[in-house]
Amino acid sequence: MNARHVICGTALLLAGLLVPVAAVLGADEPRRNFVSCPIVRDTASVPCWLAEYNGQLYFLTIQSDVTSPVTPPWLGHRVLVEGTVSAESPICGGIVLKPVHLSVIPEPDASCNTMLPAEERYNLTFEPPRPPGPSKGRLAFDNAPPPDKKSPAVLPSTRDFLVPYDFDALVGFNHARVLTDMLEFARAVNARDVEIVGYRAAARLSNGQVMLEESDIGKRRAEQLAMLLQGANLKSPAYKVTWRDESARASGIDDYAIRRAVVTVHAGEAGR
Amino acid sequence: MIKSHSTLLALSLSAAFVAAASLSTKSTASWWSPGQGTPLPEFATYDNEQGQLGVLNTSGQLDTKGHPFFEAIGTNGRACVTCHQPSDAMSLSVRTIRERWTATGGKDPLFAAVDGMNCPSLPPGDPRSHSQLLDRGLFRVALPWPPLRADGTRIDPEFTIEVVRDPGGCNMDPRYGLNSATPTISVYRRPRPVANTKYTTHQNFGVGPFIGKNGMPSATDPETGKPTSMNLMSDARAATLAVQAQDAASTHLQLAGTLSAAQTARITAFERQVYIAQVARRDAGSLVEPDGPPAFGPRNLAADDAGVLGNNTTRYVFPLAGKWTHLPRTGDETENARSASRESIARGHDVFMFRTFWIRDSMHLNSVGLGNPVKRTCATCHGMHMTGMDTANGWMDIGTTNLPWATEVPLNPWTEARPQMPLFRVTCKPGVRPHPFLGRVIYTQDPGRGLISGLCNDVGTIVMEQFRGLAARAPYFSNGSAATLRELADFYDRRYNIGYSEQEKQDLVNFLGAL
């Protein structure tokens, strides 16, 4: 384990920096931002994922499939939870956080290893979108009609693509679609320029501590996107790659939205 | 008194040959020699221990005389067919390998030094020099380190690699090893079936310009520029049949120069139209009766759709169409035994499709949005309709080559058995994220896809293979670590703490053997 994610007393050391403790959010504040070990509880159908914070058990999500907007965390790793307490009835014994954003902390943590057996009282009261085995012939959340392959009559001359990230993360399994969208648009408009801005963010926790992303993560995000597009043979446009540090914006409210890159594709002459 | 390891090895090999010869159910005529010129019929069957394999040429009978797949076009006397035998599901079983050793005294081109020996520097003709091939059916695959891109430029890998154990001697060999003038890593792998290739090269579900498991660019077809499924080889290093043919010709056949365009076209045309699958089992009888389950036999494979996600209850991975679940009993004991065997196959299908267990710490499965662990079934990963491959780019680490799960020889004071597989220590470089499930340092018998991509997360990941013709081509897994389908089932049971019952294991084995 490196120094970045060491819990030291109640202080969190991240990116080599001890971040000062700010004011703790009020007790009636519905947001819950914390780092904890995830817990998986079996049920008679799909497992549910929970996490404990300040003596309360919170429900994060159920197991689904790759189309789920919230993908479950990993045992063997802590998870950054950024959620809002919902008025829904508890699920699997946990207070429901919805919406919720989960980021697996990259550094392994073998202490995160709690698997709870199924108990009748915690069985789901609804049918999950995806059973634990084979599906019923459709993906759990991908109900949108397939994209229209016909190009619109006039494509915009410039288009922005937002690339969201988990905390401290680079491109992963869930980025293939937005990368494909970028690539197809750039090819369709014979792109002249591709501007990429990678951002570094932070997450303000409910206890007031601030978790900073790695100092160079914005640069790495931007450079990786350029490398991936070029690797997919999009080599003719000029690439402008920059990065910004927006970690100071962390407020504890929707901090996940700061973790991003923005790719702007400008059409070439032949593509207009 | 304990005999020396080398003596024991020689004795065990000899015993294996005797056993193989005495138990043999197929004639040696099933061996296809390079240049023999025999036509390959439109439909041929070959006996194996579990029943019979069918080989279908959808283009009709093939004249093999002068055909580059069947002729020794290289310099070592081999042809493609040497390691992709029709009788062995267009792969090669260790049983056949041992038979060839016995029949030819080790002189068959199959045992060529380049990859039919543990290392070309070893003395030829000695079974100990060929132990990977004779014991596990493994050929040496020599890969450059650091890896090279398709355009020949060098990749800066995310990890360093050290040789911890080198029983074959090739990784430390001054001419062929990691510290040679051309640094090379030798791993040992099974030949994959060259058949049913519309499934291994499909352009359907899950194939796009970026890999759905990590967002990296997909390998593209150099002729069309289109992304590929990258499911052909165990490390996905060859994107298309044509690229694979060129690579195999220059390495395995030691072809001087390159295949001509005409040769490549004939080889790939043959590979695109040949289908294999088991067609009969000794216990269950014919698998391809007109009203039988549509999952079985090469004709059903040839007729069905490629690249379709079958992990659902609408298309199914292997559709049995409700056949064989409950069969009536009669007064005929033979008939009843056959019905019982067919019901076992149907139950085995249900174990494959519906028996949940916790899948944990498997790279490129648990890391792709399902969570770790995920409660799913065999069909979650083995989801492609009709083949049980991954529809998307299919490399994963289930522990067949990475420790602690890879099969290792137990070392203790009471045995002289020693490991046969090499062992590498992989260390993810500073600044690179550690492997999420194995940490910064990984011990592996074969880094798999990691040797091609240079990525830490790819270490020990292997492209899953189609489930067809299994009865004809033991042993299993890329490193041949499961000698039988039962050992394969046992591996999964151990790896994922499944807790299969004895009945479930037997049913699963019977089902897999029917494919």
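This is a predicted model: local features need pLDDT of at least 70, side-chain atom pairs count only at pLDDT 80 or more; totals for chains, interfaces and linings use all residues.
Colleague: Thanks! And where is B:Pro404, which is joined to B:Leu403 by a cis peptide bond?
Modeller: For the bond between B:Leu403 and B:Pro404, omega is about 15°. The loop that holds B:Pro404 runs between strand 10 (395-396) and strand 11 (423-428) of chain B.

Colleague: Let's turn to helix 14 of chain B and helix 15 of chain B. Are they parallel or oblique to each other?
Modeller: Helix 14 (residues 485-495) of chain B packs on helix 15 (residues 502-513) of chain B at an angle of about 125°, and their axes are 9 Å apart. The crossing is right-handed. Helix 14 of chain B and helix 15 of chain B are therefore oblique.

Colleague: How many nonpolar residues does the contact of helix 14 of chain B with helix 15 of chain B have?
Modeller: From helix 14 of chain B come B:Leu485, B:Arg486 and B:Ala489, and they meet B:Lys505, B:Leu508, B:Val509, B:Leu512 and B:Gly513 of helix 15 of chain B. By class, this contact has one polar residue and two charged residues, and the nonpolar ones number five.

Colleague: Nice. Is the crossing of helix 7 of chain B and helix 8 of chain B left-handed or right-handed?
Modeller: The axes of helix 7 (residues 241-251) of chain B and helix 8 (residues 261-273) of chain B come within 9 Å and cross at roughly 120°. The two helices are therefore oblique to each other. Their crossing is right-handed.

Colleague: Which residues of helix 8 of chain B are met by helix 7 of chain B?
Modeller: By class, the contact of helix 7 of chain B with helix 8 of chain B has four nonpolar, three polar and one charged residues. On the side of helix 7 of chain B are B:Leu241, B:Ala242, B:Ala245 and B:Gln246, and in helix 8 of chain B they meet B:Thr264, B:Ile267, B:Thr268 and B:Glu271.

Colleague: Against which helices do the buried residues of helix 7 of chain B pack?
Modeller: The buried residues in helix 7 of chain B are B:Leu241, B:Val243, B:Gln244, B:Ala245, B:Ala248 and B:Ala249. They pack against helix 2 (80-83), helix 6 (197-200) and helix 8 of chain B.

Colleague: Now a backbone point: is B:Ala89 buried or exposed?
Modeller: B:Ala89 is found in the loop between helix 2 and helix 3 (94-104) of chain B. Its phi is positive, about 60°, although B:Ala89 is not a glycine. Because it has 29 C-beta neighbours inside 10 Å, B:Ala89 counts as buried.

Colleague: And B:Tyr316, buried or exposed?
Modeller: B:Tyr316 also has a positive phi of about 60° without being a glycine. Its loop is the one between helix 9 (298-303) and helix 10 (333-354) of chain B. The cut-off for burial is 20 or more other C-beta atoms within 10 Å. B:Tyr316 has 20 of them, so it is buried.

Colleague: Stepping back, what radius of gyration does chain B have?
Modeller: Chain B has 15 helices and 13 strands, and 56% of its 515 residues count as buried. Its C-alpha atoms fill a box of roughly 70 × 60 × 50 Å along the principal axes. A compact globule of 515 residues would have a radius of gyration near 24 Å, and chain B agrees with that, at 22 Å.

Colleague: Last one, on the contact between the chains: which helix of chain A gives the most to the side that touches chain B?
Modeller: The contact takes 36 residues from chain A and 36 residues from chain B. On the side of chain A, the elements that give two or more residues are strand 9 (95-108), helix 1 (176-188) and helix 2 (217-231). With four residues, the element of chain A that gives the most is helix 1.

Note on methods
Residues are numbered from 1 along each chain as its sequence is written. Chains are lettered from A and ligands numbered from 1 in the order in which they are written. Two residues are in contact if their C-beta atoms, placed from the backbone, lie within 7 Å. Axes are lines fitted to C-alpha atoms, for helices over the stretch in contact, and angles run from 0 to 180 degrees between N-to-C directions. Angles under 35 degrees count as roughly parallel, over 145 as roughly antiparallel, 65 to 115 as roughly perpendicular and the rest as oblique. A crossing is left-handed if the near helix is turned anticlockwise from the far one by less than a right angle, and right-handed if clockwise. Ala, Val, Leu, Ile, Met, Phe, Trp, Tyr, Cys and Pro count as nonpolar, Asp, Glu, Lys and Arg as charged, and the others, Gly among them, as polar. The radius of gyration is taken over C-alpha atoms; the globule rule is 2.2 Å times the number of residues to the power 0.38. A residue is buried if 20 or more other C-beta atoms lie within 10 Å of its own, exposed if 12 or fewer, and partly exposed in between; C-beta atoms are placed from the backbone.
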